[in-house]
Amino acid sequence: MKKILFYILCAVLLYSCGVKRVDGDTRANISLPVQPETPKQQKAAKQTVIEMKDHLGNVTTYVQTERDKKGKQQLSVQLNEVTVTAKLKSVPERFGKVDIDFIVSVPEVLIDKYWQLNLTPLLIKKDEHIPFDDLVITGVEFDKERMKGYTKYAKYLSGIVPDSLFNDRFVNMRKYYKYLSDYEKSELRRVNKDSMDYVKYKRYIDRLNTRYEIFNRKMYNSRAWLAKQLGFEDIKERYEVFHRDTTYVSRFYNKRYEQLVNLIPQFHLLREVTDSTIISKYRKEKYRYEFVNSYRFLTSADSTVLLTKFYRNKQIERNDKLIAEKELMFAKLVKFPKNLNARLDTVIFNKGKFEYYYHQEIATDEDTKRMRLYMDGTAQTIRGESYLLPTSDTLIYSVSSMIQFLDMSPRYMRKIIERKASSSLKAYITFKVGKSDLDLNLDNNRIEIDKVQEMVEALTETGEFVMDSISLVASSSPEGSYRSNLLLSKSRAESIKKFLLTSLSDIEGIDKMLFARPKGEDWESLSHLIRDSTDILNQQAILDIIGDNTDPDKKEIEIRNRYPEDYNQIRNELYPKLRAVDFTFHIHRKGMIKDTIHTTEPDLMYADAIQLMEKRKYSLALQILSDYNDWNTGICLMSLGYDQGAYTIFLNEKESADCEYLLAILASRLGKEDEAVKRFLHACELDATKRWRGALDPEINKLIKAYGLHQEDEDVE
């Protein structure tokens, strides 16, 4: 026993010594690729191997991964060691996006077969830390231990019966099918019995009717014999001659006949098939109607309910428990779960330094002018210990965009200011039928009157305008005579004027500036309302009546008589809209003597567009700038990738270094490389700083390298 304990202790000590600890100063780091990315490198970024060269000529091969036969990701080439010290990079913005690329370097000391590294790049944009997809580097022994957990969990999952096998495993299908067979047989027997019972019933009724017909025929024959014996034939002949009962003997014979008929069953017993005359078994409800095949087929809903009767409930409960505990068992069995959101999850089989070329595209906004990038990471050992790696260096990305070429000069627009102005308002003030007294409590009258007072206050409260006059025109709907409607609208206009003289009494001279007049029936507005309506069937015919007939009273009568349904709709829905008061407020600018003044003022809409451009909200800015078609419109079009439109705008701009440079970029995008080279060189002649700007824009940098431009400039190299 002591020997066994000794061996166990030794094994534990050896295992603990075999897994080394993480050095607290060791860290994974990030660095910038030396050269700006070219189209060839962009293609290479999608391949397995990427070669990059620094300014000293050192070549480093960066790899992503490839999958082996088992589907695992592994490195495909050996890596050369290189040192990169750059921490700042200027990246171009194109089409509202920017490419963030960097190198993730993991030193050899952190590559261990018993470890797993989780590395998370984080982009700092203003105060926001945005995590990129993780990189996971797993040692081969760590991966084996991880897969053991997944194997155990897969075995656990194999014990769960899927829904596709539910009936096979959890339903006694043999008994279920037997039940269905028995049900079908019982239904067939029931329907067969019901049909045969009905056949027997019909035969019984037929025999009974035949028998009763014989009895009834004998009864009628007996009655005829009795009538003959009582002299009914003589009475009939006498009646045919005299047309009346001359001897009054018929009464006597009729009475005697009725007595004998009611006394002797042979003369009065009429036999009929009723519930009381048939045998009891045929008095059931099912014999009251024609036979109907009532075979009941099982529906899918019936089958579902029937299945529950044959469930193996204990097995179902056990399976449900396994499903409910899936997450719990995963946490218990899988000690090291895979990172499902990782960009790379690779298993390292060999020692050595690891480097990964990381590329991320992000959308630009107002906070992406200058961004920082750093990387956090953790190292986890096979024993379950977790260590936080020191934070990497911080890289800085300065975003260059076309908005650096914006013309920030304020833009003005010419404006003509009139001394006099006017404003209008329509108020729907309701009056009682045939009345002209204003009642504020009727319908929405108080709200409508308040609208008038609010308009007066809005026009005069700033002191810029002075009220000259207020005119109100009251109109009416056409029901009734034209003359009565005109008089009614006049009295209503005066009633409203009287009220306003009181409510607007604080305005000096209001009694001299308030004018009221009637309009009467407003046929013009009614025509517009009918034309806009989609519910009036005879729309054009009614409009023709309104247009052709000069007598307003005849118009309404003709519409009412010819199209009564449309008239009712017009009267109920459109007439109320005609009972309105149109207010016109005439004002002038205080202190202004001339009738018109021509002035300029800042174009605020244009200024808003420039602010949107600075915030990289190009689509919204273009909605405004598209009406101007100027320099800044061209910049906006370039930023959205509308190159041909921008090219056309800059061709019409005055020659300058900026204009030539932008045309060079656009020509390069449009495939006009010769023109692009000429315009870039000309821009450099006009402004030497464009030589260095060219290295920031991929369209120009491509030309510099392809045509060997400015080879003497080391910065461009």
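What covers the buried residues of α21? Before getting to that, a word on what you are looking at. This is a predicted model, in which local features need pLDDT of at least 70 and side-chain atom pairs count only at pLDDT 80 or more, while totals for chains, interfaces and linings use all residues. Residues are numbered from 1 along each chain as its sequence is written, and side-chain values use heavy atoms, with hydrogens and water left out.

Let's start with the overall picture. The protein has 26 helices and 21 strands; both are DSSP runs numbered from the N terminus, with helices being H or I over at least four residues and strands being E over at least two. Of its 717 residues, 39% are buried. Here buried means under 20% relative accessible area, exposed means over 50%, and partly exposed is in between, using a 1.4 Å probe and protein chains only. Take the contacts (heavy atoms within 4.5 Å) between residues at least 6 apart in sequence: 72% of them join residues at least 24 apart.

Now back to α21, which spans residues 631-640. Nine of its ten residues are buried, and they are W631, N632, T633, G634, I635, C636, L637, M638 and S639. The cover over them includes α19 (604-614), α20 (618-625), α22 (643-651) and α23 (657-669). C636 counts as buried because its relative accessibility is 0%. Just past the end of α21, G641 takes a positive phi of about 90°.

Two other positive phi values turn up in loops of this region, and neither belongs to a glycine. R616, in the loop between α19 and α20, has a phi of about 65° although it is not a glycine. N629 sits in the loop between α20 and α21, and its positive phi is about 55°.

Next, follow α23 over to α26 (residues 698-707). These two helices pack at an angle of about 80°, with their axes 8 Å apart. The axes are lines fitted to C-alpha atoms, for helices over the stretch in contact, and the angles run from 0 to 180 degrees between N-to-C directions. That angle makes α23 roughly perpendicular to α26, because 65 to 115 degrees counts as roughly perpendicular, under 35 as roughly parallel, over 145 as roughly antiparallel and the rest as oblique. On the α23 side you'll find Y661, A664, I665, S668 and R669, and they meet E699, I700, K702 and L703 of α26. By class, this contact has five nonpolar, one polar and three charged residues. Nonpolar here takes in Ala, Val, Leu, Ile, Met, Phe, Trp, Tyr, Cys and Pro; charged takes in Asp, Glu, Lys and Arg; the others, Gly among them, are polar.

Leaving aside neighbours within four places in sequence, I700 is in contact with Y661, A664, I665, F680 and G694.

Not counting residues up to four places away in sequence, A676 touches A664, A667, S668 and L703. Its C-alpha is 9.4 Å from that of L662, a residue 14 places away in sequence.

Finally, jump to F336, in the loop between α11 (326-333) and β11 (344-348). F336 is buried, since its relative accessible area is 2%. Beyond its neighbours within four places in sequence, F336 is in contact with F142, E145, R146, Y150, Q380, T381, I382 and G384. M147 is 189 residues away along the chain, yet the two C-alpha atoms are separated by 8.6 Å.
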